[in-house]
Amino acid sequence: MAKTSRRGALIVLEGCDRSGKSTQCSKLVERLNNLKIPAKKISFPDRSTPIGTIIDQYLSRKIDLPDRSVHLLFSANRWELEPEIHKQIQSGVTLIVDRYSYSGIAFTSAKKCVNLNWCCAPENGLPKPDLVMFLKLSLEEMMKRGGFGEERYENTEFQNEVDKKFEKLKGDNFIQIDAAKDIFSLNNCLIELVLKTINDVEDQPLKEIDFNF
Ligand code: NYM
Ligand code: MG
């Protein structure tokens, strides 16, 4: 008998700045839609929401905020979209997400003033991605790319610390991918993983994040 309701997959791209996440997310959605698979891109931070506006002001250095406070804003920005994520997934739409809780934890804990456990707590209970594709860029490759902007965190030294924190967050849903490949080879590699995941999870319930350090 034909399946009537299959859920979409929750798929996240993670990695340091300049690893190509945003480009890859857009290309994945385009390819899925060309295959008539419903898919949408979401990005965190989502700067269009009320909380996202404060985050944007913080990142562009217009305002200062204590580290813990800004961490909770990044998390609250995900919780703002949590009902929408559930709605989309249940209605069969696959979401390709540019950064998620892993960036939240890695960036704050890289500041060293806040421990990993504290950073994880507000993320617990959010929808757990079915797949996290971690785009890994070596320090050398990152330096070659350069092109960092003027926002907070945009320097090689800090990104290197963030990378070390990402290493601690690799879970059962993580796949590491070499981000130094060219855009097209990288995208071909990612689409295979995405299509397999969409197929694998369609009958499975969406889980919740449960970080436990
Ligand atoms: N960032 C992103 C955080 O510090 N915490 C988070 O929870 C998220 C989602 O925001 N340098 C940081 C990482 C980036 C910055 O993201 C802006 P983007 O993808 O460059 O707009
Ligand atoms: Mg950026």
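Student: Which elements cover the buried residues of H4?

Tutor: The cover includes E1, helix H3 (67–90), H5, strand E4 (131–136), H7 and strand E5 (174–178). Helices (H or I, at least four residues) and strands (E, at least two) are DSSP runs, numbered from the N terminus. Buried means under 20% relative accessible area, exposed over 50%, and partly exposed in between (1.4 Å probe, protein chains only). This is a predicted model, where local features need pLDDT of at least 70, side-chain atom pairs count only at pLDDT 80 or more, and totals for chains, interfaces and linings use all residues. Residues are numbered from 1 along each chain as its sequence is written, chains are lettered from A and ligands numbered from 1 in the order in which they are written, and side-chain values use heavy atoms, with hydrogens and water left out.

Student: How many residues of H4 are buried?

Tutor: Nine of its nine, and H4 is mostly covered. Among them are Tyr-102, Gly-104, Ile-105 and Phe-107.

Student: How do I read the order of elements?

Tutor: Start at the N terminus. The chain runs β-α-β-α-α-β-α-α-β-α-α-β-α. That comes to eight helices and five strands.

Student: What does the radius of gyration say about the chain?

Tutor: Compare it with a rule. The radius is taken over C-alpha atoms, and the globule rule is 2.2 Å times the number of residues to the power 0.38. For 213 residues, a compact globule would have a value near 17 Å; the chain has 17 Å, so the two agree. The C-alpha trace spans about 55 × 35 × 30 Å along its principal axes.

Student: How much of the chain is buried, and what is its accessible surface?

Tutor: Buried residues make up 51% of the 213. The accessible surface comes to about 10500 Å², and carbon and sulfur atoms hold 51% of that surface. Such areas come from the Shrake-Rupley method with a 1.4 Å probe; for residues, only the protein chains shown count as cover.

Student: Which residues touch the most other members of the largest nonpolar core?

Tutor: Ile-96, Tyr-100, Tyr-102 and Met-133, in a core of 62 residues. A nonpolar core is a set of buried Ala, Val, Leu, Ile, Met, Phe, Trp, Tyr and Cys residues joined through side-chain atoms within 4.5 Å. Follow Met-133. Beyond residues up to four places away in sequence, Met-133 touches residues including Ile-11, Leu-13, Leu-28, Ile-175 and Leu-190.

Student: Where do Arg-18 and Tyr-153 lie?

Tutor: Arg-18 is in the loop between strand E1 (10–15) and helix H1 (21–34). Its relative accessible area is 37%, so Arg-18 is partly exposed. Tyr-153 is in the loop between helix H6 (139–145) and helix H7 (156–169). At 13%, Tyr-153 is buried.

Student: Is Lys-111 buried or exposed?

Tutor: Buried, because its relative accessibility is 18%. Lys-111 lies in the loop between helix H4 (101–109) and helix H5 (116–120). Leaving aside neighbours within four places in sequence, Lys-111 contacts Tyr-58, Asp-67, Val-70, Tyr-153 and Phe-158.

Student: What else lies in the loop between H4 and H5?

Tutor: Ala-110 is there, buried at 5%. With neighbours within four places set aside, Ala-110 contacts Phe-158, Glu-161, Val-162 and Lys-165. Asn-115 lies in that loop too, and counts as partly exposed at 49%.

Student: What does Lys-41 contact?

Tutor: Apart from neighbours within four places, Ser-22, Cys-25, Ser-26, Val-29, Ile-96 and Asp-98. Lys-41 lies in strand E2 and is partly exposed at 34%.

Conventions: Contact means heavy atoms within 4.5 Å.
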